[in-house]
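Thanks for coming. I will walk through one model today, from single residues up to the whole chain. Please have the viewer open.

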Amino acid sequence: GITAIYLMFRYQGGYGESWAEAAWHGLFDAVMAFNNAGFSLNSDSLGRYAGDFLVIVPLTTVVFFGAIGFPVLAELYSHWRKPSTWSIHTRLTVFGSLGLAIVGTTAFLVMEWTNAGTLGGQPIGTRVLTAFEAGVMPRSGGLASFDWTQITGETQNLTSILMFIGGGSASTAGGIKVTTFLLLAFVI
């Protein structure tokens, strides 16, 4: 709800949409992001907002929270100040998801830095912002502010791995789930 209201003001003030259009667009984007649905009212997904910190960060953050799962969200809501009391499932999901987001962001930034079809030629701030989005979205978000068909082969492999892992158990995200991946990695 907070993201929908925030986006409504951003779309109206920053992009000149009417209040009714901005309200519908903000609500739709916030719900689709939290549900990790990947749908957009725009034909270019988030392309028109490329480099707009005030749109990309809230949507990417909502995708992240939607992908960690409802049991984890419930536990974080009641015990967010005391990580020592979190269940092992919550710890694995939160820290695993954060780790995958950091790895995905860093790898995308490194592998696409000079690719003119994705990050190359963009200002440094836009490169970092786009890499952040690209590090989180493949795990199930499905939104993009750049053309995914232009990524390198290495980035395609990384994206496939992130998509395979997906999000948390009982979340709106797909994949084998973060906890399954971490347990398999531990066993191996």
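Does Asn-42 count as buried or exposed? At 10% relative accessibility, Asn-42 counts as buried, where buried means under 20% relative accessible area, exposed over 50%, and partly exposed in between, with a 1.4 Å probe and protein chains only.

Before going on, the ground rules. This is a predicted model, in which local features need pLDDT of at least 70 and side-chain atom pairs count only at pLDDT 80 or more, while totals for chains, interfaces and linings use all residues. Residues are numbered from 1 along each chain as its sequence is written, and side-chain values use heavy atoms, with hydrogens and water left out.

Back to Asn-42, which sits in the loop between helix 2 and helix 3. Helices (H or I, at least four residues) and strands (E, at least two) are DSSP runs, numbered from the N terminus. Setting aside neighbours within four places in sequence, Asn-42 is in contact with His-25, Arg-48 and Tyr-49; contact means heavy atoms within 4.5 Å.

Ser-45 is placed in the loop between helix 2 (19–34) and helix 3. With a relative accessibility of 16%, Ser-45 also counts as buried. Leaving out neighbours within four places in sequence, Ser-45 is in contact with Ser-40, Leu-143 and Ala-144. From Ser-45 to Ile-56 is 11 residues along the chain, and their C-alpha atoms are separated by 11 Å.

How many of the 15 residues of helix 3 are buried? The count is 11, so helix 3 is largely enclosed by the rest of the structure. From first C-alpha to last, helix 3 reaches 21 Å, close to the 21 Å expected at 1.5 Å a residue; the expected span is 1.5 Å times one less than the number of residues.

Now helix 6. Its 13 residues, 124–136, should span 18 Å at 1.5 Å a residue, and the end C-alpha atoms are 19 Å apart, which agrees. Which residues of helix 6 are buried? They are Thr-126, Arg-127, Leu-129, Thr-130, Ala-131, Glu-133, Ala-134, Gly-135 and Val-136. Note that Arg-127 and Glu-133 are in that list. The cover over the buried residues of helix 6 includes helix 3 (53–67), helix 5 (88–112) and helix 7 (153–165).

Next, two backbone angles. Most residues other than glycine have a negative phi, and most peptide bonds are trans. Ser-140, in the loop between helix 6 and helix 7, has a positive phi near 160 degrees. Lys-177 is not a glycine either, and its phi is positive at about 90 degrees. Lys-177 lies in the loop between helix 7 and helix 8 (178–187), and at 16% relative accessibility Lys-177 counts as buried.

For contrast, take Arg-81, in the loop between helix 4 (70–79) and helix 5. Arg-81 is exposed, with a relative accessible area of 68%.

Finally, the whole chain. The protein chain has 8 helices and 0 strands. Its radius of gyration is 17 Å, close to the 16 Å that the globule rule gives for 188 residues, so the chain is as compact as a globular protein of that length. That radius is taken over C-alpha atoms, and the rule is 2.2 Å times the number of residues to the power 0.38. Along its principal axes the C-alpha trace spans about 50 × 40 × 25 Å.

Buried residues account for 45% of the 188 residues. Of the contacts between residues at least 6 apart in sequence, 59% join residues at least 24 apart. The accessible surface comes to about 9,400 Å², with 69% of it belonging to carbon and sulfur atoms; areas come from the Shrake-Rupley method with a 1.4 Å probe, and for residues only the protein chains shown count as cover.

That is the tour.
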